[in-house]
Amino acid sequence: MFIEIIVLPREDDRSPKRPSARASKAPPQAPRGRAELAQEWREEGKAFHGAVLEFIRAQHLLGAVKWMSEPGLLPQVTLVASDRVLEKLQAEPRFAAGRSLSMNLQT
């Protein structure tokens, strides 16, 4: 049986957060444009997608994955895969993974 799985980077409370512009003591930088931010986010999304794919390959789980989303602007991957894939992803410290909610709407 296949389930829909959502994978995000695991938040690490021990890692330093990105300092806000107000909190930093460095001189203020010029604001970045939307295109520059979008490119940075795309690269982050591709890197995360690649990390998830490499993990699945390393664990020999590719045959248990029916579908995988394309990289996007967010570091998030959606999979349609077996329960075994979900268990392995949840055990990996780099990822926070869970089942997506299914909604049956009736009209």
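This report walks through the fold, core, surface and salt bridges of the chain shown above.

## About the model

The structure is a predicted model, in which local features need pLDDT of at least 70 and side-chain atom pairs count only at pLDDT 80 or more, while totals for chains, interfaces and linings use all residues. Residues are numbered from 1 along each chain as its sequence is written, and side-chain values use heavy atoms, with hydrogens and water left out.

## Overall fold

The chain has two helices and four strands, and along the sequence they follow the pattern β-α-β-β-α-β. Helices (H or I, at least four residues) and strands (E, at least two) are DSSP runs, numbered from the N terminus.

The chain has 107 residues, of which 26% count as buried. Here, buried means under 20% relative accessible area, exposed means over 50%, and partly exposed lies in between (1.4 Å probe, protein chains only). Among contacts (heavy atoms within 4.5 Å) between residues at least 6 apart in sequence, 70% join residues at least 24 apart.

## Helix H1 and what covers it

Helix H1 takes in residues 34-58, 25 residues in total, and reaches 36 Å from its first C-alpha to its last. That is close to the expected 36 Å, where the expected span is 1.5 Å times one less than the number of residues.

Which residues of H1 are buried? They are Ala38, Gly45, Phe48, His49, Val52, Leu53, Phe55 and Ile56. Their cover includes strand S1 (3-9), S2, S3, helix H2 (83-91) and strand S4 (95-99).

Just after H1 comes histidine 60, which takes a positive phi of about 55°. This is a positive value in a residue other than glycine. Histidine 60 sits in the loop between H1 and S2, and it counts as exposed because its relative accessibility is 68%.

## The nonpolar core

In soluble globular proteins, nonpolar side chains tend to be buried together. A nonpolar core is defined here as a set of buried Ala, Val, Leu, Ile, Met, Phe, Trp, Tyr and Cys residues joined through side-chain atoms within 4.5 Å. The largest one has 20 residues, and the members that touch the most others are Ile5, Val7, Val52, Leu79, Val85 and Leu89. At least two residues of this core come from each of S1, H1, S2, S3, H2 and S4. H1 gives the most, with five residues.

Leaving aside residues up to four places away in sequence, valine 85 touches Ile5, Leu61, Ala64, Val65 and Leu79.

## The loop between S2 and S3

Serine 69 lies between strand S2 (65-68) and strand S3 (77-81). Is serine 69 buried or exposed? It counts as buried because its relative accessibility is 12%. Not counting residues up to four places away in sequence, serine 69 touches His49, Gln76, Val77 and Thr78.

Leucine 74 lies in the loop between S2 and S3, and counts as exposed because its relative accessibility is 55%. Together with Trp41 and Leu73, leucine 74 makes a nonpolar surface patch of about 300 Å². Such patches are made of residues with over 30% relative accessible area and no salt bridge, with like charges joined within 9 Å and nonpolar side chains (Val, Leu, Ile, Met, Phe, Trp, Tyr) joined within 5 Å.

## Surface and salt bridges

The accessible surface of the chain comes to about 8500 Å², and 55% of this belongs to carbon and sulfur atoms. Areas come from the Shrake-Rupley method with a 1.4 Å probe; for residues, only the protein chains shown count as cover.

A salt bridge is a side-chain nitrogen of Lys or Arg within 4 Å of a carboxyl oxygen of Asp or Glu, and the count comes to three. Glutamate 40 pairs with arginine 32, with the closest N and O atoms 2.5 Å apart. Glutamate 40 is partly exposed at 27% relative accessible area, as is arginine 32 at 42%.

Arginine 57 and glutamate 54 meet in a salt bridge at 3.1 Å, N to O. Both lie in helix H1, three residues apart, about one turn of the helix. The remaining bridge joins arginine 94 and glutamate 92 at 2.8 Å, N to O. Arginine 94 is partly exposed at 42%, whereas glutamate 92 counts as buried at 16%.
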